[in-house]
Amino acid sequence: MNNQTLQQLRSRMDDLNIKLLDLLSERAAIGRQIGEIKQSEGLPLHDPARENEMLDRLAARNAGPLEEKAIRHLFQEIFKATLEVQQPKKKPLLVSRKSKREDTVIRIGNTEIGGADSVLVAGPCSVESLEQVMEVAAALKKAGVPVIRGGAFKPRTSPYDFQGLGFEGLKLLKEAADEYGLQTISEIVTPAHLEEAAKYVDIIQIGARNMQNFELLKAAGDMRKPVLLKRGLAATMDEFLHAAEYIVSRGNSQVMLIERGIRTYEKWTRNTLDISAVPLLKQMSHLPVLVDVSHSTGRKEIMAPCAKAALAAGADGIMVEVHPNPAAALSDADQQLNLGEFAEFIREVKSSGVYRQSAPTV
Ligand SMILES: C=C(O[C@@H]1C=C(C(=O)O)C=C[C@H]1O)C(=O)O
């Protein structure tokens, strides 16, 4: 008997669910019409005063058994859902895979970034002298690394630390790169420097500290030069992709992303390499993704395994710092590989199964 009653009550519940659903749908359709009128009149969609009026009226009429709090809560959720129906669907970001399915491949010289092959970028933290960059460029050439990095405008934590050689540094980097047929990459921190820097730099780097320097992002977006955008020290994936969107939305689609470690409580590494960022960025975005194993780890002995992990996770390339005499380096002395360590690093990474190389390097 009890069982039968339960069945009947549940069946009435089911009928009421359907009625409620139909009423909610009818209500949402009216909400959508109201939204269209509001938008054509330029009125805000959200109207808290109107919502409060309705809530008060419903609370006054409520005879139970539901508590007034529950009624208010339920209707607030309904209003929220109506607002979602009213909102025009947001267009996916240009950097998103929803906007473009195929991978973006960036070509500089004979090098492709984001294509079939893994790419390596290496060089000193800072350009210090012509001899220094020449020595590094020769080592890169020998190791088959096509892109040389070297900082000339250094955003240092302390104003008393070496700030870089500026344009003179860019010129030295270019001179060494030209000598060995390499491409150059260097960080620019000021929109006003971009045009002049483009004479010496094949890829403009926007550093972690400037990831949300929106004027710099816009100016880089107005250029037609590849940009390497570093993830900010504490930037979420969403913020990172929106920063890239600033560049791409100005018409510069040649943007590559680089994970360089984020700030956490861990002290054994300089930053924490967020390896999950790699597959996430590759899935969410069509832009090439690189990993900087020097700044993320700050520890020479784990750079090769971290590079392999990054490539295994889907990274298109690796960036690593190398200096002929790291102990005497003007910046980041501890984390730069010397030439011997660099050769070993490259050998280990290239011989791993995760390094993609379709044709032997000539
Ligand atoms: C439907 C409207 O727009 C919004 C949604 C509401 C609702 O679902 O009832 C109420 C007020 C607004 O925040 C409206 O203004 O009437």
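Helices (H or I, at least four residues) and strands (E, at least two) are DSSP runs, numbered from the N terminus. The structure is a predicted model, in which local features need pLDDT of at least 70 and side-chain atom pairs count only at pLDDT 80 or more, whereas totals for chains, interfaces and linings use all residues. Residues are numbered from 1 along each chain as its sequence is written.

Just after α4, glycine 144 adopts a positive phi of about 75 degrees. The buried residues of α4 (20 or more other C-beta atoms within 10 Å of their own, as placed from the backbone; exposed means 12 or fewer, and partly exposed in between) are Gln132, Val133, Val136, Ala137, Ala139, Leu140 and Ala143. Because these residues cover an arc of only 160 degrees around the axis, they are on the same side of α4, the arc being that of the directions from the helix axis to the C-beta atoms. The buried residues of α4 pack against β3 (119-123), β4 (147-149), α5 (167-180) and α12 (339-350), contact being defined by C-beta atoms, placed from the backbone, that lie within 7 Å.

Leucine 172 is found in helix α5 and counts as buried, with 22 C-beta neighbours inside 10 Å. When residues up to four places away in sequence are not counted, leucine 172 touches Val127, Leu130 and Val133.

Notes:
Contact = placed C-beta atoms within 7 Å.
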